[in-house]
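Open the model in your viewer and keep the selection tool at hand. The stops below say what to pick and what is there.

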Amino acid sequence: MKNKATQKKIHKLSEKLAENPKDTEARLALGKLYFLNSQFDEAVRCYQTLLEHDPRNVSAHYNLGVAFLAQNRMDEAKAAFQKVLELDPDNEGAEKELAKLVSFPWSE
Amino acid sequence: MYRQRLVPPRGTRGKGSVTRSSQNLELSKMADKVPRQFVVIGAGRFGSSVAMTLAKNGCEVTVVDSDKDNVQRISEYVSNAVQLDATDEKALRSIGIEGADVAIVSIGEQMEASILVTMALKEMGIKTVVAKAVTETHGKILARVGADKVVFPERDMGVRLANALLHPSLLEHVEVSPGYNIAEFEAPKVLWGRSIAQSAVRARHGVQIVAIKRRKPGLDEEGESVLEEDVDLIPSAETVINEGDLLLVVGREENVRKFRGLR
């Protein structure tokens with residue numbers, strides 16, 4: 001699952017973040033790279049760190065929700081999508097994911 | 001996307017499952033003949049859902065409903081949507097549905113109407129009429145007047161819900177013949193990181209993995225994370241099972257149960 005090119009990008013972004021840990025754009029991009037590389041624990045940690053600096057970052061909450069889904073952490077995914085809708089009530093993606101999560105048959 | 005199921009129609013455990021199993025067999029016999037033309041009477045939630053799924057699968061679907069709004073809504077999805085009172089046999093005959101392979105009567109709430117329409121459809125010569133019933137008595141009457149299949153969506157949903165609450169790790173369970181099951185569940189931890197051959201699934205556990213469903217991480221057009229479903233049908237012996245994989249397994253009921261319980 002580990003892709004060399006992706007690992008290189010991850011390394012670059014990590015260096016960038018070492019210089020400026022509050023760079024939310026870089027942190028978000030890093031989270032997505034981890035996610036694409038199936039490194040879901042790392043992706044989750046990345047989004048959570050980002051949210052410590054920027055708790056109202058809708059994209060971070062949303063991507064965190066999807067990373068939780070990938071790990072079958074359904075309750076946490078639900079909470080993440082609920083948070084997205086709290087911050088952005090018109091967010092269709094979060095609305096859709098939340099509806100899927102509560103509809104029977106459940107995916108857990 | 002990750003919520004799609006591999007085993008339609010869904011089955012149940014216990015007492016009712018023998019009937020369900022034989023129904024599945026009948027339905028699969030029907031499927032062998034590949035019915036392509038369908039009539040759905042009643043465009044409520046159940047009827048619409050049936051009609052839209054058939055249409056999505058390339059079938060020619062005519063929907064009949066007496067409500068103008070229902071007809072308007074469903075017309076976007078199906079080949080033909082007609083507003084008429086289906087209990088008016090003359091009107092029903094006038095729309096030329098005699099050639100349909102299967103008719104679905106989904107006006108269960110109006111018991112009298114569903115019985116009349118079922119009778120009319122059989123008299124028109126439609127080979128297979130599937131009718132929705134709300135009570136056991138209603139189902140018996142539908143069977144008497146010629147319905148080939150009777151479905152009880154609310155009752156069946158109740159059974160499925162109860163089973164899902166009792167067995168949360170079991171996503172789907174269908175009895176294919178007495179004593180043999182097909183079930184879908186998350187891959188047990190003991191199999192993670194090993195191929196099907198390495199785990200000697202068939203020899204050691206007496207079951208066959210017929211499909212593996214996994215979710216692949218990706219990004220949507222807006223650059224946000226998305227999980228795309230990927231199904232590996234009849235996986236080879238070299239296929240490695242990973243954490244989070246959903247397995248579709250077939251085998252003797254006892255073996256499937258033991259296999260699912262592995263840690």
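Some ground rules. This is a predicted model, in which local features need pLDDT of at least 70 and side-chain atom pairs count only at pLDDT 80 or more, while totals for chains, interfaces and linings use all residues. Residues are numbered from 1 along each chain as its sequence is written, and chains are lettered from A and ligands numbered from 1 in the order in which they are written.

**Stop 1: the helix pair in chain A**

Select residues 40–53 and 58–70 of chain A, helices 3 and 4. Helices here are DSSP runs of H or I with at least four residues, strands are E runs of at least two, and both are numbered from the N terminus. The two axes come within 9 Å and cross at roughly 155° (lines fitted to C-alpha atoms over the stretch in contact, with angles from 0 to 180 degrees between N-to-C directions). Helix 3 of chain A is therefore roughly antiparallel to helix 4 of chain A (over 145 degrees; under 35 is roughly parallel, 65 to 115 roughly perpendicular and the rest oblique). Show A:F40, A:V44 and A:Y47, among the contact residues of helix 3 of chain A. Contact means C-beta atoms, placed from the backbone, within 7 Å.

**Stop 2: chain B overall**

The chain averages 84, and 84% of its residues score at least 70. Confidence is lowest in helix 1 (residues 17–32) of chain B, at a mean of 45, and highest in strand 4 (residues 102–105) of chain B, at 97. Over residues 1–25 of chain B, pLDDT stays under 50. Where pLDDT is low, the predicted coordinates should not be read in detail.

**Stop 3: the largest core**

Pick B:V40, B:I41, B:A51, B:V63, B:A103, B:I104 and B:V105. Of the 36 residues in the largest nonpolar core, these touch the most other members. Such a core is a set of buried Ala, Val, Leu, Ile, Met, Phe, Trp, Tyr and Cys residues joined through C-beta atoms within 7 Å. Buried means 20 or more other C-beta atoms within 10 Å, exposed 12 or fewer, and partly exposed in between; C-beta atoms are placed from the backbone. Centre on B:V105: its contacts beyond four places in sequence include B:I41, B:V117, B:L121 and B:V129.

**Stop 4: helices 5 and 6 of chain B**

The axes of helices 5 and 6 of chain B come within 9 Å and cross at roughly 20°. That makes the pair roughly parallel. Their crossing is right-handed. B:M111, B:S114, B:I115 and B:T118 of helix 5 meet B:H138, B:I141 and B:L142 of helix 6.

Step to B:D148, in the loop between helix 6 and strand 6 of chain B. With 18 C-beta neighbours inside 10 Å, B:D148 is partly exposed.

**Stop 5**

Most residues other than glycine have a negative phi. B:A200 has a positive phi of about 45°. B:A200 is exposed, with 12 other C-beta atoms within 10 Å. Finish at B:I234, in the loop between strands 11 and 12 of chain B. Phi of B:I234 is near 45°, also positive.

Key: pLDDT is the predictor's confidence in each residue, from 0 to 100. Two residues are in contact if their C-beta atoms, placed from the backbone, lie within 7 Å. A crossing is left-handed if the near helix is turned anticlockwise from the far one by less than a right angle, and right-handed if clockwise.
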